[in-house]
Amino acid sequence: MEMKDLYELFLQHPTITTDSRDVPEGSMFFALKGETFDGNAYAKAALEQGAAYAVIDEKEYAEEDNEHLILVEDVLTTLQQLAKYHRVHLGTPIIGITGTNGKTTTKELIATVLKKKYNVLYTQGNFNNHIGVPKTLLQLTKEHDIAVIEMGANHPGEIKTLVEIVLPDFGIITNVGKAHLLGFGSFEGVIRTKGELYDFLRTIEGTVFINNENPHLLGISKGLKLVKYGQTETDGLLVKGQLVECNPFLKFEWNGGVVQTRLIGSYNLDNALAAACIGTYFEVPSNDICDALAEYTPSNNRSQLTITKDNKLVVDAYNANPTSMKAALDNFRLIQADHKMCILGQMGELGDVSEEEHQKVIDLIGEGDFEQVWLVGDNFAKTRHPANYRLFANVEEVKTAISTQKPQGFLILIKGSNSNKLVQTVELL
């Protein structure tokens, strides 16, 4: 089947599903493969559950007399090509966003600001990979004025693959840091991969929103049309802002007003300024930008303040790498509280520098005034640490410790990679 013919079917059945357990009536089912499953085996079941068509790539599941089973060479590639075809057909302006830390929060803030004036499609949650990105693009309609598409990567070349599907007109890299070093090979590999967004925009003379104080991003931005934001007074900034306070919520002022946010962490200032910059560029009134940033409430365990009957929790348990761990600890150290504690989960995908980077975290903890320190994972067990730091192999051991002697009256930082499952401790504290 030609792509234009498949696209005609999509226009008639614009709901896409890749999960045979969730098949809306009249949808199109794409039979993706995973490490432990083959969607082809569920194609007929999807049709029986109400799918209008099922796209498959295994001949043994095809039936000559069943036109609702569409055989293609590769289902994933077809899904991506269909998304690109749809994106080109509509021509909606798109802002592409990537970065090591803060990209999901920044994406949410940008969308919140732009929604004050426009009908915005934006990536839900963290559906920012080779499957989530095309599925998001396929939700575009003629009613959308603009889209904000998040793109993630943990290996070289992944951003290049995604931008060639998204074809963004604008781009922003929040920052570059030490994450997924096992996949990228080095910090330089991180910069090169994130910079693939810039590489694409350079070919189309696209526009980049950039933090003027990030030397790594400025170093790879030559030849691009730059719209700048930052915290230091300099010529050429569209948006300039500075921290007012962060105890615990971020309050800042910028050339459009003063904003009291619901965000924990001074490191979110750059994210908020990025959103203000993009809102200003797209002529959202300053007072609407301020209102949007003040109204936004973080979710998904990213810099959330949770108050229980026993403690106050700063929950940042979705992701962790050396850069974000340092930012979280630096910020937590500045928050005023009588009794402070941290529960930290180990960082993954750091390769040969894992031991060194975990030791740096231990050293950072020592700079703070923490009454209790709980460390989770084998990588922390290998470090040189004070004898009073408690070590746990996994979250189950942490939960047992809480059940026997629950901390009370503390401000507690809960920070770690999602694989540590530290979010399970929140309801117990």
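1. Helices (H or I, at least four residues) and strands (E, at least two) are taken here as DSSP runs, numbered from the N terminus. The model under discussion is a predicted one. With these elements, strand S1 (16-17) and helix H5 (132-137) each supply at least two residues of the lining of the second largest pocket.

2. The second largest pocket holds about 720 Å³ of space. Its lining is made up of 27 residues, and those closest to the centre are Thr 17, Thr 18, Asp 19, Ile 131 and Lys 135. H5 gives the most to this lining, namely three residues.

3. On the class of residue around the second largest pocket: 12 are polar, 11 are nonpolar and four are charged.

4. The model has an open sheet of nine strands with mixed pairing, and the strand order is S6-S7-S5-S8-S9-S10-S11-S12-S13. At the edges lie strand S6 (120-122) and strand S13 (257-264), each of which pairs on one side only. Between neighbouring strands of this sheet the average turn is 20 degrees, direction ignored.

5. Strand S11 (residues 237-246) runs antiparallel to strand S12 (residues 249-254), and five bridges join the two. Cys 246 has Leu 250, in S12, as its bridge partner.

6. Helix H4 (residues 103-114) packs on the sheet. The strands that H4 touches are strand S5 (94-98), S6, strand S7 (146-150), strand S8 (170-173) and S13. Both edge strands, S6 and S13, are thus in the list of H4 contacts. The direction of H4 makes about 170 degrees with that of S7.

7. Strand S15 (312-316) and helix H13 (322-334) are the elements that give two or more residues to the lining, and H13 gives the most, with three.

8. What is the division by class in the lining of the second largest cavity? Six residues are nonpolar, one is polar and one is charged.

Key: Residues are numbered from 1 along each chain as its sequence is written. This is a predicted model: local features need pLDDT of at least 70, side-chain atom pairs count only at pLDDT 80 or more; totals for chains, interfaces and linings use all residues. Side-chain values use heavy atoms; hydrogens and water are left out. On a 1 Å grid over the protein atoms alone, a cavity is a set of points where a 1.4 Å probe fits but cannot get out, and a pocket is an open set with protein on both sides within 12 Å along at least five of seven lines; lining residues have an atom within 4 Å of a point. Grid points are joined across faces, edges and corners, and a volume is the space filled by probe spheres set on the points. Ala, Val, Leu, Ile, Met, Phe, Trp, Tyr, Cys and Pro count as nonpolar, Asp, Glu, Lys and Arg as charged, and the others, Gly among them, as polar. Two strands pair if DSSP finds at least two bridges between them. Axes are lines fitted to C-alpha atoms, for helices over the stretch in contact, and angles run from 0 to 180 degrees between N-to-C directions. Contact means heavy atoms within 4.5 Å.
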